[in-house]
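Biologist: Before I use any of these labels, I want to see what each one rests on. Show me the model and we can go through them in turn.

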Amino acid sequence: MYYQGTVYRPPSEADSILLQVTTGCSHNKCTFCGMYKGQRFTITSEEIVFADIDYAARHFPHARRLFLCDGDALILPQARLRAILERIQAILPRVSRVGIYANCKSLKTKTVADLEELRRLGLGIAYMGLESGDDQTLAAINKGATAADMIAMAGKARAAGIKLSVTVLLGVAGAERSLIHAEATGRVLSAIDPEYVGALSLMIEPETKLYADVQAGRFVVPGPLSILRELRAMIAATHLKNGLFHANHASNYLPVRAKLPDDKEATLELIDRALAGNLSLRPEFLRAL
Ligand code: SF4
């Protein structure tokens, strides 16, 4: 299979065929993100992608899931995505769900009818980085979208019947705006009402704008207890009809897996126990992205 640079995929796509249909991220401006630094965004040629699908059909004929990499592969023109998904359906018939990274910019390029077409061709889930529901924070991290944009674009995917997994970033607003960020993010998550929420905790990556801000004292990373208070406030403000809220990524200090709304009270009590010092937190040296 053709792979260029580091290939990222969501943890839940660990068993999926990874098909690199683009390289890098077409936005590549978020101040905290070091994933594709120094990497130019390119679209993989159809010839290479089709050869990879043929390879996957020969070597992984029983695979049930496939993930389209890289950063925001949904930015591909509709005709290219259609051709890729049709090819997958034709020669990898056991693949029952295709996943993709999506951001506001790439969702803006698609109509609901486009997304419905992709869903009929097997696109089952989109992973979207919200990071924060606080407009001031979104502007500060250069996300390229407002909270209202996020709600509207996520709504298109929901209207098309594509499942959504939304990532939020604890700590990204800094120490001062921590609780404002938490509550605003809970409100936006409630408006989007995704099937899955994944909360990661900020880790400062070298060569990012945020790293320089931390070094210069312009940004203060909240400590572990502040991050926990932020998580608590975010979950308290998040009202999902039937969704999973996970904060069990290796970057998090306390693993949390909650089905909302059922597990909300128990989860808040769990966090309170940790805040009271009755549960141990993941030590800093074991945290990872
Ligand atoms: S849109 Fe995603 S991949 Fe691209 S720079 Fe922002 S966080 Fe990184």
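Modeller: Start with accessibility: buried means under 20% relative accessible area, exposed means over 50%, and partly exposed lies in between, with a 1.4 Å probe and protein chains only. This is a predicted model, in which local features need pLDDT of at least 70 and side-chain atom pairs count only at pLDDT 80 or more, while totals for chains, interfaces and linings use all residues. Residues are numbered from 1 along each chain as its sequence is written, and side-chain values use heavy atoms, with hydrogens and water left out.

Biologist: Why is S12 called partly exposed?

Modeller: S12 has a relative accessibility of 43%.

Biologist: What makes S12 and Y127 a polar contact?

Modeller: A polar contact is a pair of N or O atoms within 3.5 Å; within protein, one must be able to donate a hydrogen and the other to accept it, and residues adjacent in sequence count only if both atoms are side-chain atoms. The side chains of S12 and Y127 are joined at 3.1 Å. S12 itself is found in the segment before β1 (17-20), where helices (H or I, at least four residues) and strands (E, at least two) are DSSP runs, numbered from the N terminus.

Biologist: Which residues does S12 contact, leaving aside its neighbours within four places in sequence?

Modeller: They are R65 and Y127, contact meaning heavy atoms within 4.5 Å.

Biologist: How do you know that R82 and E117 form a salt bridge?

Modeller: A salt bridge is a side-chain nitrogen of Lys or Arg within 4 Å of a carboxyl oxygen of Asp or Glu. The closest N and O atoms of R82 and E117 are 2.8 Å apart, so the pair qualifies. R82 sits in helix α2 (residues 78-91) and E117 in helix α4 (residues 112-120), 35 residues apart, and the pair links distant parts of the chain. By this rule the count comes to 13 salt bridges.

Biologist: What makes R158 and D193 a salt bridge?

Modeller: Their N to O distance is 4.0 Å, and the rule asks for within 4 Å. R158 is in helix α6 (residues 147-159), and D193 is in the loop between α7 (178-192) and β8 (196-201).

Biologist: What about K209 and D213?

Modeller: Their closest N and O atoms are 3.0 Å apart, so they form a salt bridge. Both lie in helix α8 (residues 209-215), 4 residues apart, about one turn of the helix. K209 is partly exposed at 47%, whereas D213 is buried at 10%.
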